[in-house]
Structure formats: structure tokens, C-alpha cells
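Thanks for making the time, everyone. I would like to go through one model with you, looking at the backbone in a couple of loops and then at the pockets.

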Amino acid sequence: MKRLVSALFLALLTLAAALPSQAQQAEVRALLQQRDRDVKAVLGTRSTFTDAQRDQLKELLNGAIDFREMSIHALDNEWNDLSSDQKRAFVDAFSQVVRNQSLSNLAIYRADVRYNEIRVEGDEATALTTTTLDGKTARVDYELLKRNGEWRIVDIILDDVSTAGSYNRQFKRVFQRQGYDGLMNVLQRRIARDEG
């Protein structure tokens, strides 16, 4: 009898531990699915967009991204050497670059999305998805962190290529040759080009 009670108690503990993880998996899935639905609703079947629609898409695509955290990954070790003002200015410029870039190929957001697996460990989550558009399949994974009770995207990995990692490689070269000011000049020129 003692063994049965112990086994039941252990099973209940295992179930209790799994419930918060399942709830958090559901939160992550809901965030990504809602983002996908909202973007598709604005995209519709149109091929041209008003400035207001483009602004709306930019917000929908990027509203769940934690640009400060993505900036830390994009700059890596160089981040620690920046002053608070420099960090703030970098995050502002970097977020503008990413927001503008997100509109470069709107067709990809029409893809069907399949949520293969969502892994949660504490305040970190990874959502593994597959997208299909015009018969072509791509893997898109999301790295997320929970901050102040809210899940935020910190990296998007397309077919094993990290967004933050790609920017890190670009920024590291510029930072090493031209320093922070040179990097900020590059970002400002890119913003002016994309918004001009």
C-alpha cells in the first residue's frame, strides 16, 4: 500500500511540475499565432500597401520583439563597453533597421505555419515552426524570454541562420574597424536609405 501511495504521490508531483510548462507553452503558441493572424489580416491578397498599412505591418511584425535583448546578442562583448546613452541610441537605431528590414519581402508572411514543438525552461522558450509557401518549406524558430510576465522574441532563426547572429557578424567587423561611432553612422545611413 505504501508503494502505491508513493507512486501516486510521485505521479501527482510530476503532473504538477508539467502543468506550468504546458501553460507557458500555450502562452508562447498563442502569442505567435495571434501575431500571424494579425499580419495575415492586414496583408490580405493585396500586393500594394498604403503608408498606414505598412506602419501597421511594421508594428505587428516587430511589436513582440525585445530589441534591447536582441541588441545585446547582436553586439555581444562590445555591448558591455557602451555607456547607458550609447546603449539606448544603439537599441533605437538597431530596432529601426530591423523594423524596416521586416517589410522587405511581405510575401513570406503569407506562408502557412505549423507549430512543431515549443520548449520552455524557466523564463526561456524556443518555438520550432515550419512555414510553407508556394510549395517551398522553411524552418523558422523563435527564441523567447519572459520579462515582467510577458513573452518577448529575442531571436528569429530562419533555416538555422540566426537574425541576431547575422547582425552580430556584420556589426563586429564595423565595430572593430570604426568603433561605436562608425557603426552608428552605418546604421543611420541604412535607416535613411530604407526610409528615403
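Let me begin with a question: is Asn-148 buried or exposed? This is a predicted model, so please keep that in mind throughout. Asn-148 has a relative accessible area of 84%, which is over the 50% cut-off, and therefore it counts as exposed. As for where to find it on the screen, Asn-148 sits in the loop that runs between β3, residues 136–147, and β4, residues 150–158. As background, most residues other than glycine have a negative phi.

There is another residue of this kind, Asp-76, whose phi is positive and near 60°, again in a residue other than glycine. Asp-76 is placed in the loop between α3, residues 67–75, and α4, residues 84–101. With a relative accessible area of 37%, Asp-76 falls between the 20% and 50% cut-offs, so we call it partly exposed.

From there I would like to move to Leu-75, whose C-alpha atom is separated by 8.8 Å from that of Arg-169, although the two residues are 94 apart along the chain. Arg-169 belongs to helix α5, which covers residues 163–195, and with a relative accessible area of 47% Arg-169 is partly exposed.

Now to the pockets. The largest pocket holds about 940 Å³ of space, and its lining is made up of 35 residues, with Ile-108, Tyr-109, Val-140, Ile-156 and Leu-158 lying nearest its centre. If we sort that lining by class, we find 19 nonpolar residues, twelve polar ones and four charged ones.

The second largest pocket has a volume of about 170 Å³. What does its lining look like by class? Here there are six charged residues, two polar and one nonpolar. The residues that line this second largest pocket include Asp-51, Arg-54, Asp-55 and Lys-58, together with Asn-100, Leu-103, Ser-104, Asp-194 and Glu-195. In terms of helices, α2, residues 51–62, and α5 each supply at least two residues of this lining, and it is α2 that gives the most, with four residues.

Conventions
Residues are numbered from 1 along each chain as its sequence is written. This is a predicted model: local features need pLDDT of at least 70, side-chain atom pairs count only at pLDDT 80 or more; totals for chains, interfaces and linings use all residues. Side-chain values use heavy atoms; hydrogens and water are left out. Buried means under 20% relative accessible area, exposed over 50%, partly exposed in between (1.4 Å probe, protein chains only). On a 1 Å grid over the protein atoms alone, a cavity is a set of points where a 1.4 Å probe fits but cannot get out, and a pocket is an open set with protein on both sides within 12 Å along at least five of seven lines; lining residues have an atom within 4 Å of a point. Grid points are joined across faces, edges and corners, and a volume is the space filled by probe spheres set on the points. Ala, Val, Leu, Ile, Met, Phe, Trp, Tyr, Cys and Pro count as nonpolar, Asp, Glu, Lys and Arg as charged, and the others, Gly among them, as polar.
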